[in-house]
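The structure is shown first, and the description follows.

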Amino acid sequence: MGDRRPERPVFCGNFEYDASESSVLRLFERFGRVQRIDMKTGFAFVYMEDERDGQDAIRALDRTEFGYKRRLLRVEWAKKMEVTGKNQAPTNTLFVVNFDVRNTRESDIERFFDKYGPLARVEIKRNYAFVEYKEVDDAIEAQKRSHGGLMGGRTVTVEFVESSREKGGRCVAVSFVMCG
């Protein structure tokens with residue numbers, strides 16, 4: 001291990017939808033320290049502490065069998081994404097992804113986020129959710145404290161949603177999804 005931080009995560013795909021974050025961690029930690037894992041349904045982004053460890057994992061794991069169905073993994077550097085809204089002003093609505101979509105209900109998300117302030121609404125859409133606070137300051141605190149935190153054993157990603165007025169009536173979750 002060295003001091004070369006990866007600029008992007010390792011993409012690991014084609015595993016069972018019910019694969020756990022801990023099983024993916026066990027798979028990758030053989031190659032070096034894992035900073036974090038963003039689990040999705042059927043794939044994950046694995047952030048290795050050292051770029052060379054990520055390259056070692058890619059070489060060793062790509063097209064290897066994994067899981068009880070012995071599916072062939074696809075392991076490669078994640079494609080670079082253009083990040084929008086990097087320096088945008090925070091809003092009172094948060095975009096939340098990487099929770100367990102099968103076992104998480106809106107009430108679970110409410111309990112996770114209501115400690116930061118009064119909520120106006122919580123809405124789950126497919127594999128992501130919107131959490132709207134009554135006050136922007138509460139949303140700022142929630143984003144700061146919950147991004148990268150554990151919800152139901154999964155590391156969640158929490159970002160601000162851009163103001164719909166700035167995007168012509170569409171709401172844009174920073175770096176992730178557009179809805180309309």
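## Charges over rings

The charged end of K115 is placed over the ring of F112, 5.1 Å from its centre. R36 lies over the face of Y47, at 3.8 Å from the ring centre. A charge sits over a ring here if NZ of Lys or CZ of Arg is within 6 Å of the ring centre and within 35 degrees of the ring normal.

## Basis and overall make-up

This is a predicted model, in which local features need pLDDT of at least 70 and side-chain atom pairs count only at pLDDT 80 or more, while totals for chains, interfaces and linings use all residues. Residues are numbered from 1 along each chain as its sequence is written, and side-chain values use heavy atoms, with hydrogens and water left out.

The protein chain has four helices and 14 strands; these are DSSP runs (helices H or I, at least four residues; strands E, at least two), numbered from the N terminus. Buried residues make up 42% of its 180 residues, where buried means under 20% relative accessible area, exposed over 50% and partly exposed in between (1.4 Å probe, protein chains only). Among contacts in the chain with a separation of 6 or more, 62% are between residues 24 or more positions apart; contact means heavy atoms within 4.5 Å.

## Aromatic pairs

Rings of Phe, Tyr and Trp (its six-membered ring) pair if their centres lie within 6.5 Å; planes under 30 degrees apart count as stacked, over 60 as edge-to-face and the rest as tilted. The count by this rule is eight aromatic pairs. One of them is the edge-to-face pair of F15 and F66, with 6.3 Å centre to centre and 75 degrees between the planes. F15 lies in the loop between β1 (10-13) and α1 (21-28) and F66 in strand β4 (residues 65-66), so the pair ties together parts that are 51 residues apart in sequence. Both F15 and F66 are buried. Ring pairs also link F11, F43 and F45 into a cluster.

## Helix α2

Which residues of helix α2 are buried? In this helix (residues 51-61) they are D53, G54, A57, I58 and L61. Seen down the axis of α2, these buried residues fall within an arc of 140 degrees, so they line one face of the helix; the arc is that of the directions from the helix axis to the C-beta atoms. They pack against β1, α1, β3 (43-48) and β6 (74-77).

At the start of α2, a side-chain oxygen of D50 comes to within 2.7 Å of the backbone nitrogen of R52. After α2 comes R63, with a positive phi near 65 degrees.

## Nonpolar cores

A nonpolar core is a set of buried Ala, Val, Leu, Ile, Met, Phe, Trp, Tyr and Cys residues joined through side-chain atoms within 4.5 Å. The largest has 21 residues, of which V10, F15, F28, V46 and V75 touch the most other members. Two or more residues of this core come from each of β1, α1, β2 (34-39), β3, α2 and β6. Apart from it lies another core, of 18 residues, among them I109, F113, A139 and F160.

Leaving aside neighbours within four places in sequence, V75 is in contact with V10, F11, C12, F28, A57, I58, L61 and D62.

## Loop residues

N98 is in the loop between β7 (93-97) and α3 (106-113). N98 is buried, with a relative accessible area of 2%, and its phi is positive, near 90 degrees. Its side chain makes a polar contact with the side chain of R154 (3.5 Å). A polar contact is a pair of N or O atoms within 3.5 Å; within protein, one must be able to donate a hydrogen and the other to accept it, and residues adjacent in sequence count only if both atoms are side-chain atoms. Not counting residues up to four places away in sequence, N98 touches I37, D38, M39, K40, N127, R154, T155, V156 and T157.

D100 is found in the loop between β7 and α3, and its side chain reaches the backbone nitrogen of R102 at 3.1 Å. The C-alpha atoms of D100 and T155, 55 residues apart along the chain, are separated by 9.7 Å. N14, in the loop between β1 and α1, has a positive phi near 80 degrees and is partly exposed, with a relative accessible area of 33%.
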